[in-house]
Amino acid sequence: MMGGGNMQQLARQAQKLQQQMAKMQEEIEAREFEASAGGGMATARVNGKKELLSLTIKPEAVDPDDVEMLQDLVVAAVNEALREAGETMEREMSKMTGGLGMPGLF
């Protein structure tokens, strides 16, 4: 009957880890991440939920004859900010799980 106690202890540890991970996820979701493209011509700010919070475009980046460049700057800035948010979430969760690798967890 020794196994029963070990299972209960393991279940408690798993529950504690789950609570810690949920708290960390909430903290990261509340954080903000910022990235720029084109030497600061376009700057995007996102949160850890991967929601775009703001987008700043310098007036000199707006060229009516080259709208495509502006679009590329915006996409690059937003994608970089989202990448930073995602990598931070993965890195922090990996620390907590000891690198057990739980793909698709978040």
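## Overall architecture

From the N terminus on, the elements of the protein follow the order α-β-β-β-α. The structure is a predicted model. In total, the protein contains 2 helices and 3 strands.

Of the 106 residues in the protein, 25% are buried. The accessible surface amounts to about 7400 Å², and carbon and sulfur atoms contribute 53% of that area.

Where is Arg31 found? Arg31 lies in the loop between helix H1, which covers residues 2–30, and strand S1, which covers residues 32–37. Its relative accessibility is 40%, and Arg31 is therefore classed as partly exposed, because that class lies between the limits of 20% for buried and 50% for exposed residues.

When neighbours within four places in sequence are left aside, Arg31 is in contact with Val46, Asn47, Gly48 and Thr88. One of these residues, Val46, is 15 residues apart from Arg31 along the chain, and the C-alpha atoms of the two are separated by 8.5 Å.

## A nonpolar surface patch

Which residues make the nonpolar surface patch of about 320 Å²? The patch is made by Leu52, Leu55, Ile57 and Val62.

Leu55, one of the residues of this patch, is found in strand S3, which covers residues 52–57. The relative accessible area of Leu55 is 35%, so this residue is partly exposed.

Methods. Residues are numbered from 1 along each chain as its sequence is written. This is a predicted model: local features need pLDDT of at least 70, side-chain atom pairs count only at pLDDT 80 or more; totals for chains, interfaces and linings use all residues. Side-chain values use heavy atoms; hydrogens and water are left out. Patches are made of residues with over 30% relative accessible area and no salt bridge: like charges are joined within 9 Å, nonpolar side chains (Val, Leu, Ile, Met, Phe, Trp, Tyr) within 5 Å. Accessible areas come from the Shrake-Rupley method with a 1.4 Å probe; for residues, only the protein chains shown count as cover. A salt bridge is a side-chain nitrogen of Lys or Arg within 4 Å of a carboxyl oxygen of Asp or Glu. Helices (H or I, at least four residues) and strands (E, at least two) are DSSP runs, numbered from the N terminus. Buried means under 20% relative accessible area, exposed over 50%, partly exposed in between (1.4 Å probe, protein chains only). Contact means heavy atoms within 4.5 Å.
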